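Please read it with the sequence and the structure at hand.

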Amino acid sequence: MRPRSDLLLAGTHLISMDPAIGDLPSADVLIRDGLIAAVSPHGPTSGVTRYGEHEPGGGPYGALEAEGVEVVDAAGTVTLPGFVDTHWHLWNSLLRGTVGDRPGADYFTVKRALAPHFELDDFYWAARFGLAEAVSGGITTVHNFDHNVRSPQDADANIRAHLDSGLRGRFSYGPPDSAPATSTNDLDDLARLRERWPADRLDGRLDFGVALRGPYRTPPEVYEREWAAARELGLPITMHCDRCLREQGCRECGLTRLEELGLLGEDVQVIHAVHASGRDIEALARTHTRVSLSPMTEMRTMGFPLVTELLEAGVRVSLSLDTLAMPTSADILGHLRAIISVEAARTGSGTVTPRRLLQLATLDGARDLGLDDRTGSISPGKRADVVVIRGADVNLVPTGDPVEALVYTGQIDNIDTVIADGRILKRYGRLLLADDEQDPVRMATIRRDALLARAAAAGDWPQSPTDAGEGSLP
């Protein structure tokens with residue numbers, strides 16, 4: 001793991017997402033020991049309003065002490081908190097390119113055909129590949145919703161990959177893909193997970209949850225036992241709410257039933273809920289249940305996400321990518337642009353604004369995962385999860401409001417630097433790897449080709465691996 005860097009970002013336009021700080025057109029941000037140590041207006045001023053541990057010093061960077069840190073000239077950049085993704089199936093990142101619009105190439109058909117052929121290294125490199133793309137897109141926190149845990153070793157491979165990536169997040173332990181409805185998650189191993197992975201192994205960056213199928217996919221003897229086990233262990237619960245994929249003409253998610261069963265609450269995150277009725281939305285708001293929306297995959301396979309309706313009802317909403325297999329990409333700014341355009345056409349409401357979307361993608365995502373005391377805003381005392389964007393790139397100038405510019409015209413290529421927990425993972429627009437670290441992109445291609453070859457040999461995949469010759473297993 002790369003060491004943390006002590007930095008002073010000098011003269012950046014700061015979008016802090018912290019109400020006490022707001023936006024600073026020219027700010028200095030001091031990062032020490034993986035923390036946001038202080039924030040101050042930029043310049044040689046004395047007695048300025050500043051936030052952090054040190055008293056105003058009136059030195060070359062105003063209130064901040066720059067001794068012993070690398071000073072980065074950040075003039076012309078925009079700095080904001082790292083994005084937070086609250087629902088991502090990292091294990092099937094290797095399936096990008098195999099899913100498409102061809103007959104028999106839909107997501108669920110491909111996933112069910114290839115999932116049984118995953119080996120341990122496939123799980124590791126699929127997660128590393130997805131997390132590398134997360135870094136490229138400025139995402140510093142990822143909730144790994146793993147719905148293909150076939151053994152404790154599979155879970156461990158995902159956890160190791162997350163820690164090796166340098167990112168923050170949550171691992172939610174789910175069932176094997178296409179598991180029988182009558183079988184529970186591996187609740188015994190779920191109980192042992194913290195024994196294998198005590199806090200001192202997690203670097204303060206990872207916690208655990210449980211991914212459950214719920215009462216529309218499993219019988220009472222399964223979901224009641226799983227909910228009870230999760231709550232006894234104090235683990236947050238996440239579940240898909242996507243009846244629309246299985247019931248033609250579905251116009252209700254059945255969340256009132258879950259409320260009656262005691263299955264909703266602050267410890268529960270519901271995914272999608274695209275066809276939630278007014279009664280469903282009221283149940284979510286009453287129980288303080290959180291909703292993670294994946295607009296790009298939802299619009300492709302389910303319908304329009306109810307961003308405006310959920311926000312106006314006071315439901316706690318966050319955003320997520322869902323999967324790279326659909327296929328999608330980690331271009332969060334592009335996703336925000338699509339959301340605001342769709343909501344303007346669909347509802348005409350002014351609820352969904354560029355700033356509100358940036359909040360959904362940062363601070364609200366951190367709140368969803370219970371991490372808002374550590375990330376989601378550029379606030380002194382929080383961990384240094386930071387994205388620096390080149391504000392002078394051609395697609396971002398001329399500009400009035402940088403928040404609007406990022407959402408309406410920003411691109412993934414504008415992201416210059418990504419810092420997670422004080423470690424620089426992307427700089428000058430390029431992903432950084434340690435000297436002895438294998439390239440996740442190359443390894444993902446190798447593992448994908450080998451996966452398809454195994455599936456083809458077993459008669460579960462009709463075509464030859466693509467990109468043969470790009471690499472081979474070491």
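The lining of the largest cavity is made up of 11 nonpolar, 2 polar and 1 charged residues; here Ala, Val, Leu, Ile, Met, Phe, Trp, Tyr, Cys and Pro count as nonpolar, Asp, Glu, Lys and Arg as charged, and the others, Gly among them, as polar. The model is a predicted one, in which local features need pLDDT of at least 70 and side-chain atom pairs count only at pLDDT 80 or more, while totals for chains, interfaces and linings use all residues. Residues are numbered from 1 along each chain as its sequence is written, and side-chain values use heavy atoms, with hydrogens and water left out.

A cavity is a set of points, on a 1 Å grid over the protein atoms alone, where a 1.4 Å probe fits but cannot get out; a pocket is an open set with protein on both sides within 12 Å along at least five of seven lines, and lining residues have an atom within 4 Å of a point. Grid points are joined across faces, edges and corners, and a volume is the space filled by probe spheres set on the points.

By this rule there are 3 cavities of 30 Å³ or more. The largest cavity holds about 110 Å³ of space. Its lining has 14 residues, of which Asp85, Leu319, Ser320, Leu321 and Ile332 are the closest to its centre. Two or more lining residues come from each of strand S7 (83-88), helix H8 (295-301) and helix H10 (332-346); helices (H or I, at least four residues) and strands (E, at least two) are DSSP runs, numbered from the N terminus. The most is given by H10, with 4 residues.

The largest pocket has a volume of about 610 Å³. Among the 29 residues that line this pocket, Phe108, Lys111, Arg112, His147 and Arg217 are the closest to its centre. Helix H1 (107-114) and S10 each supply at least two lining residues, and H1 gives the most, with 4 residues. By class, the pocket lining has 13 nonpolar, 8 polar and 8 charged residues.

**Backbone geometry**

Most residues other than glycine have a negative phi, and most peptide bonds are trans. The model contains a cis peptide bond between Met326 and Pro327, with omega about 5°. Pro327 is placed in the loop between strand S14 (316-319) and H10. Another cis peptide bond joins Val397 and Pro398, with omega about -15°; Pro398 belongs to the loop between strand S15 (386-390) and helix H13 (402-409).

Ser178, a residue other than glycine, has a positive phi near 60°. The loop between strand S9 (168-173) and helix H4 (187-196) contains Ser178. Asp421 is likewise not a glycine and has a positive phi of about 55°; its place is in the loop between strand S16 (415-420) and strand S17 (423-427). Is each of these residues buried or exposed? Buried means under 20% relative accessible area, exposed over 50%, and partly exposed in between (1.4 Å probe, protein chains only). Ser178 counts as exposed at 52%, whereas Asp421 counts as buried at 2%.

**Salt bridges**

Side chains of opposite charge can pair when their charged atoms come close. A salt bridge is a side-chain nitrogen of Lys or Arg within 4 Å of a carboxyl oxygen of Asp or Glu. The whole structure has 36 salt bridges, including those tabulated here.

| Salt bridge | Closest N to O distance |
|---|---|
| Arg231 and Asp267 | 2.8 Å |
| Asp416 and Arg390 | 3.4 Å |

Glu226 lies in helix H5 (residues 220-233) and Arg213 in the loop between strand S10 (206-212) and H5, 13 residues apart. Both Glu226 and Arg213 are buried.

Arg231 forms a salt bridge with Asp267. Because Arg231 lies in helix H5 and Asp267 in the loop between helix H6 (255-260) and strand S12 (268-272), the pair ties together parts that are 36 residues apart in sequence. Arg231 is partly exposed at 34% relative accessible area, and Asp267 is partly exposed at 25%.

Asp416 forms a salt bridge with Arg390. Asp416 is in strand S16 and Arg390 in strand S15, so this pair ties together parts that are 26 residues apart in sequence. Asp416 is buried, with a relative accessible area of 15%, whereas Arg390 is partly exposed, at 26%.

Asp421 also belongs to a network of salt bridges that links Arg4, Arg168, Asp203, Arg205, Arg383, Asp385, Asp421 and Arg423.
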